[in-house]
Amino acid sequence: MSSSRVWREALTDAATVWNDQADDLYTATKCLTEIDTGLLGHRVGPVAKVFVDRWSKRTEKLRKNAEEHAGSLTLASTQWGTVDESSEEGLKKLMPWDQRNLEPNQVGPYHVPTTGDGP
């Protein structure tokens, strides 16, 4: 096992972004489920209903995925300690694309130094 440093604030920020996405997707799903396709008439209404139903199911699935991703980031932030290299790579995969290759440094906003053997 190797000693690692983590940007707990970066993890928390990423979790917040994913939670915000989940909130937006909840709103989108709610708007879709409230559409009255019956107002479009007997020819267009049924087709529109299929379209709206599929999109509402898709946005709901994306919302759940976003919530799960945010939960994973939050858990990682609170339980971070010493991790081996493969665990660290798995964690990097949860991070936003633009932060996956960042390394902790002494002047960055997300630097949390580790001291000793524990978190």
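Serine 56 is found in helix 2, where helices (H or I, at least four residues) are DSSP runs numbered from the N terminus. This is a predicted model, in which local features need pLDDT of at least 70, side-chain atom pairs count only at pLDDT 80 or more, and totals for chains, interfaces and linings use all residues. Residues are numbered from 1 along each chain as its sequence is written, and side-chain values use heavy atoms, with hydrogens and water left out.

Serine 56 and lysine 57 both belong to helix 2, and their accessibilities are set out here.

| Residue | Relative accessible area | Class |
|---|---|---|
| Serine 56 | 8% | buried (under 20%) |
| Lysine 57 | 63% | exposed (over 50%) |

These classes rest on a 1.4 Å probe with protein chains only, and values in between count as partly exposed. A polar atom of the serine 56 side chain lies 2.9 Å from the backbone oxygen of aspartate 53. Leaving aside residues up to four places away in sequence, serine 56 touches Thr29, Leu32 and Thr33, contact meaning heavy atoms within 4.5 Å. Threonine 33 lies 24 residues from lysine 57 along the chain, and their C-alpha atoms are separated by 9.3 Å.

Helix 2 covers residues 41-79, and its buried residues include Gly45, Val52, Ser56 and Arg63. Its 39 residues should span 57 Å at 1.5 Å a residue, and the end C-alpha atoms are 55 Å apart, which agrees; the expected span is 1.5 Å times one less than the number of residues.

The protein has 3 helices and 0 strands, and buried residues make up 28% of its 119 residues.

Definitions and conventions
Helices (H or I, at least four residues) and strands (E, at least two) are DSSP runs, numbered from the N terminus. A polar contact is a pair of N or O atoms within 3.5 Å; within protein, one must be able to donate a hydrogen and the other to accept it, and residues adjacent in sequence count only if both atoms are side-chain atoms.
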